[in-house]
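Student: I am new to this one. Could we look at it together and talk through how its parts get their labels?

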Amino acid sequence: VDHDLERFFVGVPLDALKEHQRKFMRMAFTEVPADVDVEKYMFTKHYRFFAMGLNETHFDKVAGHFVGTLQSLEVPQALIDE
């Protein structure tokens, strides 16, 4: 458990979190449609977290956990770096 992040996930059903992650990865790893304002989309989807103090430090921690997961699954480092 990452105590710096856990407050953002309290009460969030695991199935909902997994679906959110799938949607995020789909957007992150494919071409974003030209009519999607990514910054606005991210702010709208995460507004309540920003109100709770979410900032780039938290994003970096989540990204670090994601990289660690990919490494534990033996994804080649070149793909992770991409």
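Predicted model: local features only at pLDDT ≥ 70, side-chain atom pairs only at ≥ 80, totals over all residues.

Student: Why is Gln71 called partly exposed?

Tutor: Buried means under 20% and exposed means over 50%. Gln71 has 41%, so the value lies in between and the residue counts as partly exposed.

Student: Where is Gln71 found, and what does Gln71 touch?

Tutor: Gln71 belongs to helix α4, which covers residues 56–72. Leaving aside residues up to four places away in sequence, Gln71 touches Gln77 and Ile80.

Student: What makes those pairs contacts?

Tutor: A contact needs heavy atoms within 4.5 Å, and Gln77 and Ile80 are the residues that Gln71 touches in that sense.

Student: How do you know that the pattern is α-α-α-α-α?

Tutor: The protein has five helices and zero strands, and reading along the sequence gives α-α-α-α-α.

Student: How many of the residues are buried?

Tutor: Of the 82 residues in the protein, 10% are buried. The protein exposes about 6,800 Å², with 60% of that supplied by carbon and sulfur atoms.

Student: Which residues make the nonpolar surface patch?

Tutor: Phe43, Tyr47 and Phe50 make it, and the patch is about 320 Å². Tyr47 sits in helix α3, residues 47–51.

Key: Residues numbered from 1 in each chain as written. Heavy atoms only, no water. Helix = DSSP H or I, 4+ residues; strand = E, 2+ residues; numbered from the N terminus. Buried < 20%, exposed > 50% of the residue type's maximum accessible area, 1.4 Å probe, protein only. Areas by Shrake-Rupley, 256 points an atom, 1.4 Å probe, with all protein chains shown as cover. Patch = residues over 30% accessible without salt bridge, like charges linked within 9 Å, V, L, I, M, F, W, Y side chains within 5 Å. Salt bridge = Lys/Arg side-chain N within 4 Å of Asp/Glu carboxyl O.
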